[in-house]
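Hi there,

Here is the structure I promised to pass on to you. Have a look at it first, and then read my notes below.

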Amino acid sequence: METTEIIIRDDGTLVERTLRERELDAGPAVLEALTQGVSRDIRNVMSIPDWGLVHASAGFNHTLWSVAIDRIPLHARFRLVKGVLVPAFASASDLEMPLVWHAPPEVRLAFVIQTQEHEDGVRLDGNWLFAFSQSNRGYRLPLPNLHDDCRICTGSFPDHYPTGAEAVLASLEQFRKSKWNADLMRTAEQSQRFFRFQATNETFATLPIEAEDWTSLCEKVSTDLMEEVVL
Amino acid sequence: MKNITVKYGVDSITKQVEEDFTFGDLQESDVFKAALGFSDRTKALLDGIEQSPGTVIPAGAIVRLETAANTKA
């Protein structure tokens with residue numbers, strides 16, 4: 001189809017403009033190329049016992065799995081300070097215990113797994129741990145074994161699985177049993193104000209974070225991967 | 001002077017800066033750090049492409065800052 005327009009410019013000159021339209025044969029390859037950077041959120045993909053619901057963000061090259069967790073297993077060394085048990089990640093002498101820190105409602109934790117198709121199954125690209133505020137700002141928790149971009153230094157475990165679900169399960173299991181050491185530790189003070197426990201008759205109860213605003217003990221983080229997290 | 005917009009996560013700020021203001025100046029700016037809450041380890045992107053610290057930021061640019069990944073010591 002062809003249309004002709006006559007335009008009068010500000011200076012009074014007349015201009016003829018011809019527009020020609022034709023439909024393009026955009027095959028699947030063209031559409032795929034145009035949508036390479038687009039991902040689609042899929043909520044409630046599966047439910048993992050003891051952890052909760054898993055959401056996914058499916059992109060062209062990878063899938064990002066988000067698990068909204070409400071606790072962090074802290075297999076680390078702990079020290080008693082003024083009646084409160086706090087982590088002493090860099091210690092070699094304090095008591096090692098597998099305590100579980102329960103997040104207060106205002107701290108929204110996301111355990112994230114990235115996979116991509118590989119041969120007959122999937123390849124696990126990495127695990128991340130983010131803390132989000134109610135206003136969706138992302139933060140790095142004051143934990144060792146967390147890189148600046150919140151990628152978890154998980155230690156070695158297999159990175160090929162038949163399905164994405166198995167990669168998610170294996171990642172959570174590695175997260176559950178891994179020991180937290182001082183590999184990427186900066187300062188113990190924030191950790192010890194954030195992760196606090198008190199012995200009760202039967203177990204160790206999580207104490208409130210020792211700060212008016214929990215984000216003041218964390219570092220604000222922004223990465224392109226974070227934007228794909230489905231909360 | 002020129003206007004630039006800087007985004008970090010869900011936060012953004014538009015501010016007037018000097019004509020020769022570079023991406024490195026932005027990454028080290030205490031004013032922008034205080035407003036957006038980023039740390040010393042960032043990378044600056046323009047239209048998704050990482051920029052070098054010495055490059056002057058174009059007027060009207062929308063700069064996206066991201067947390068730079070460190071490596072295990």
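The largest nonpolar core has 45 residues, and W65(A), V112(A), F130(A), A131(A) and V229(A) have the most contacts inside it. By nonpolar core I mean a set of buried Ala, Val, Leu, Ile, Met, Phe, Trp, Tyr and Cys residues joined through C-beta atoms within 7 Å. Buried means that 20 or more other C-beta atoms lie within 10 Å of a residue's own, exposed that 12 or fewer do, and partly exposed is in between, with C-beta atoms placed from the backbone. The largest share of this core, 6 residues, comes from β10(A). Helices (H or I, at least four residues) and strands (E, at least two) are DSSP runs, numbered from the N terminus.

This is a predicted model: local features need pLDDT of at least 70, side-chain atom pairs count only at pLDDT 80 or more, and totals for chains, interfaces and linings use all residues. Residues are numbered from 1 along each chain as its sequence is written, while chains are lettered from A and ligands numbered from 1 in the order in which they are written.

Now for α2(A). Its buried residues are G164(A), A167(A), V168(A), S171(A) and L172(A).

Finally, the contact between the chains takes 17 residues from chain A and 14 residues from chain B, where two residues are in contact if their C-beta atoms lie within 7 Å. Strand β15 of chain A gives the most to the chain A side, with 3 residues.

Best wishes
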